[in-house]
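Here is a short briefing on selected local features of one model. Please keep the sequence and the 3D view open while reading.

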Amino acid sequence: MATPIQPQPAKGNSQLSTQPAAQPLQESTAIIQVIERAALNPEVDIDKMERLLQMQERVLDRQALMAYSAAMAAMQTELPSITERGQGNNGAYATLEDIVDTVRPIMQRFGFAVSFRIQTQERGIQVTGVLMHQGGHREETSMLLPADVSGNKNAVQSFGSSTSYGKRYVLCALLNITTRGQDDNGHGAAPPMKVVTPFQASQLKQLITACPITTQEWFVGKYGEVDRVPRSDFDKLRASLQKRVKPNRQRH
């Protein structure tokens with residue numbers, strides 16, 4: 001779990017980084033003082049007070065959103081594109097370390113912090129990024145990834161790889177970050193590959209149906225559908241599935 005990047009006031013931007021947070025704080029203090037005085041007055045209409053508090057909460061939420069939007073707009077002009085220095089099976093990509101090292105001081109200057117929530121689900125690993133502003137508003141986005149089993153990774157390595165991948169893309173989405181060149185690590189920009197023939201797909205489908213549910217879930221997480229299996233994976237995948245076929249489903 002990554003440590004949240006905490007916002008810090010900037011030397012040259014003290015008005016920008018402190019004023020949005022200071023104003024709601026002063027107003028909140030004033031509201032608390034009103035509540036304390038009202039609690040001591042038996043003639044105060046509690047229902048009316050509650051409605052006024054709800055109205056004030058909406059006002060503060062709107063102010064926080066406006067402060068968030070203003071700071072985000074200003075920060076966008078200073079966020080650079082990130083150089084793709086990582087190397088994967090499908091080309092270069094911007095590493096999480098490079099992204100964080102680049103954006104951390106800029107986020108601090110404009111009063112932002114980011115944290116991540118990692119949840120293991122039945123269909124894979126869900127990475128949620130939360131972008132917080134010192135004015136009180138926050139935005140979040142999530143990405144669900146299957147476990148990365150490439151390269152004969154063990155369970156721990158697979159979890160770490162998928163988590164790092166998710167953090168990279170969630171953080172880039174929250175901050176609207178671009179990278180230099182095309183990041184093909186998610187297979188989105190990879191050149192078209194040859195997939196299995198219809199006959200090969202039918203063979204795989206029969207084998208998968210006869211496999212345990214855990215194997216079926218693994219297959220869906222890795223390939224999705226049988227007709228999307230790369231032709232280069234067919235022989236190895238068929239042999240692997242044949243070993244996992246339930247004993248009572250084997251013909252011989």
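A hairpin links strand β4 to strand β5 through two residues. The model is predicted.

**Strand pairing**
- Strand β4 spans residues 112-121, and strand β5 spans residues 124-133.
- The two strands run antiparallel, joined by ten bridges.
- Within this pairing, Gln119 sits opposite Gln126 of β5.

**Thr163**
- Thr163 belongs to helix α4, which covers residues 155-175.
- Its relative accessibility is 9%, so Thr163 counts as buried, the cut-off being under 20%.
- Leaving aside residues up to four places away in sequence, Thr163 touches Ile118, Ile125 and Val127.

**Helix pair α5 and α7**
- Two packed helices are described by the angle between their axes and the distance between those axes.
- Helix α5 takes in residues 198-209, and helix α7 takes in residues 234-244.
- Their axes come within 9 Å and cross at roughly 20 degrees.
- Angles under 35 degrees count as roughly parallel, so α5 is roughly parallel to α7.
- The crossing of α5 and α7 is left-handed.
- On the α5 side, the contact is made by Gln200, Gln203, Leu204, Leu207 and Ile208.
- On the α7 side, Phe234, Leu237, Arg238, Leu241 and Gln242 make the contact.
- By class, the contact of α5 with α7 holds six nonpolar, three polar and one charged residues.

How values were computed: Residues numbered from 1 in each chain as written. Predicted model: local features only at pLDDT ≥ 70, side-chain atom pairs only at ≥ 80, totals over all residues. Heavy atoms only, no water. Axes fitted to C-alpha atoms, helices over the stretch in contact; angles between N-to-C directions. Helix = DSSP H or I, 4+ residues; strand = E, 2+ residues; numbered from the N terminus. Parallel < 35°, antiparallel > 145°, perpendicular 65-115°, else oblique. Left-handed = near helix turned anticlockwise from the far one by under 90°. Contact = heavy atoms within 4.5 Å. Nonpolar A, V, L, I, M, F, W, Y, C, P; charged D, E, K, R; others polar. Pairing = 2+ DSSP bridges. Buried < 20%, exposed > 50% of the residue type's maximum accessible area, 1.4 Å probe, protein only.
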